[in-house]
Amino acid sequence: MSVDYQFPEGFWWGSAASATQMEGSKNGVSGETIWDHWFQTEPNRFFEGVGPDQTSDFYSRYKEDIKNMKTIGHNSFRLSLSWARLIPGGEGDVNLEAVDFYSKVIDELLANDVEPFVNLFHFDMPIEMQEKGGWESREVIDAYVTYAKVAFDLFGDRVKKWFTFNEPIVPVEGGYLYDFHYPNVVDAKRAIQVAYHTMIAHAKVVKLYHAEQDGKIGIVLNLTPSYPRSQNPADLKAAHICDLFFNRSFLDPAVKGEYPVDLIALLEEHGQLPETQPEDNQLLQSNIVDLLGVNYYQPRRVKAKDHMPNPDSPFMPDWFFDNYEMPGRKMNVYRGWEIYEQGIYDIMVNLRDHYGNIESFISENGMGVQDEGRFLKDGRIEDDYRIDFIKGHLKWLHKATSEGCNVKGYHLWTFMDNWSWMNAYKNRYGFYSVDLATGERTAKKSASWFAEVSKQNGFNS
Ligand code: BG6
């Protein structure tokens, strides 16, 4: 039986999650991450004072969760390993309890025909590594490469799709520019060093993987298209610079093995180039990704600046553009993000036309909504808004596949309601709701709808 939007055979249907957000950092033996540390020192920064201790307790309930994944037609699922759990402190002895846990999770996924996509780093720096300087330190890069080797040696026989980082720009923005991640530094020069070193760490791990393993390795980037307010050259320039800072600073080195010349020139002009080593260029050039995960939630709209920045204020990417609120934009008011479905298509066309049509997939897309209890009917959350959101994006993704874009799948953020960093449990994103008091999981309407989509490899409008 054919459907209106039929996806290519073997399309990856699933969802994504991360260790800190679902395992519960107080479950089992684990080292501490920057999140545990920050929550202990500044609990007021977290919505309703809720921290990462328990989260949705995947650590104890993974069997039930994986069974539910199968029930709703997942053929793939992205999780992340916690560096601090696998190697408490970030370097030294491997935690055998963690090896056992991740091994069982991977085996359970495979036994349920759900392919594990495994990510090595999702915002969760071990606190000891942060104290050594985090990504500002080359020593930490070495420790990360050792951690990656441990993970590949332990699980590489069963896991064939690996990712070095999830949204590496976010710790740069949050931790070193805009004060929404630990270590809460506001310093563009340091931010740029962190971004650069993250890519060096990435390339070293890609090199290691290709030398020793036989699957695919990639990176997950949040590509946020920068749309100019108008076609006026000043607005176009603002959008171009914004794209350089927030997309191409990771996309170009990951896929093309080099930084955009315009970005280098701009940083040089303002005395903001990072410290480099002579062998770095060759390392980046020779170690590009096999596969790209694309997280897409919202577009970015920009315009030329209305006012010149104060020359004494600290250098910031925002010196070159102002954010622009398009009149009449469609919003997810709970998260404060614009909903613009066509963005997913524009990203894919850009990858097709300017990035060698690299193999990619939507590794996150989703809609966080507050107080979903309002939509409870006969014990189930009727989240039609989420179904509409997914459908709207899938229609554009379908158009991309039919026009030759090399996109292989769609993963929702996220499988079950989980802990969202500073927003804690404010907005719920899951296919399954989680009762925080009892831990009970209940499928939302979107879960049943998605099961059909996966079964039919497509859907009707
Ligand atoms: C992505 C992250 O940025 O968006 C997730 O990879 C995150 O970790 C998700 O949870 C949704 O954003 P938020 O801030 O609402 O949790």
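**Exercise 1. Find the salt bridge that Lys-444 makes, and work out where its two residues sit.**

*Solution.* Start with the pair itself: Lys-444 meets Glu-372 through their side chains in a salt bridge, 2.6 Å from N to O. The term stands for a side-chain nitrogen of Lys or Arg within 4 Å of a carboxyl oxygen of Asp or Glu.

Helices (H or I, at least four residues) and strands (E, at least two) are DSSP runs, numbered from the N terminus.

Then check accessibility. Buried means under 20% relative accessible area, exposed over 50%, and partly exposed in between (1.4 Å probe, protein chains only). Lys-444 has 0% relative accessibility, so it counts as buried. Glu-372 is buried too, at 3%.

Last, look around the pair: Glu-372, Asp-383, Arg-386, Asp-417, Arg-428 and Lys-444 are linked in a network of salt bridges.

A word on the model before going on: it is predicted, so local features need pLDDT of at least 70 and side-chain atom pairs count only at pLDDT 80 or more, while totals for chains, interfaces and linings use all residues. Residues are numbered from 1 along each chain as its sequence is written, and side-chain values use heavy atoms, with hydrogens and water left out.

**Exercise 2. Describe the salt bridge between Glu-64 and Arg-61: how far apart are the closest N and O atoms?**

*Solution.* The closest N and O atoms of Glu-64 and Arg-61 are 3.1 Å apart. Now locate them: both lie in helix H3 (residues 58-71), 3 residues apart, or about one turn of the helix. Glu-64 counts as partly exposed because its relative accessibility is 32%. Arg-61, at 21%, counts as partly exposed as well.

Arg-352 is partly exposed at 25%, and Asp-353 is partly exposed at 43%. The count of salt bridges comes to 38.

**Exercise 3. Characterise the largest pocket: what lines it?**

*Solution.* First, the term. On a 1 Å grid over the protein atoms alone, a cavity is a set of points where a 1.4 Å probe fits but cannot get out, and a pocket is an open set with protein on both sides within 12 Å along at least five of seven lines; lining residues have an atom within 4 Å of a point.

Now the space: the largest pocket holds about 1,200 Å³. Grid points are joined across faces, edges and corners, and a volume is the space filled by probe spheres set on the points.

Then the lining. It takes in 42 residues, and Glu-173, Phe-180, Gln-298, Arg-335 and Trp-337 lie nearest the centre. Helix H8 (169-176), helix H10 (233-256), strand S9 (300-303) and strand S12 (337-338) each supply at least two lining residues. H8 gives the largest share, with 3 residues.

Finally, sort by class: 18 nonpolar, 14 polar and 10 charged. Here Ala, Val, Leu, Ile, Met, Phe, Trp, Tyr, Cys and Pro count as nonpolar, Asp, Glu, Lys and Arg as charged, and the others, Gly among them, as polar.

**Exercise 4. Which residues come nearest the ligand?**

*Solution.* There are 13 residues around the ligand (a heavy atom within 4 Å). Gln-21, Glu-167, Arg-335, Ser-420 and Tyr-429 come nearest. Go on to the polar atoms: Gln-21 has a polar side-chain atom 2.8 Å from a ligand oxygen. An N or O atom in the His-122 side chain is 2.8 Å from an oxygen atom of the ligand, and a polar side-chain atom of Glu-364 lies 2.8 Å from a ligand oxygen.

Notes: A polar contact is a pair of N or O atoms within 3.5 Å; within protein, one must be able to donate a hydrogen and the other to accept it, and residues adjacent in sequence count only if both atoms are side-chain atoms.
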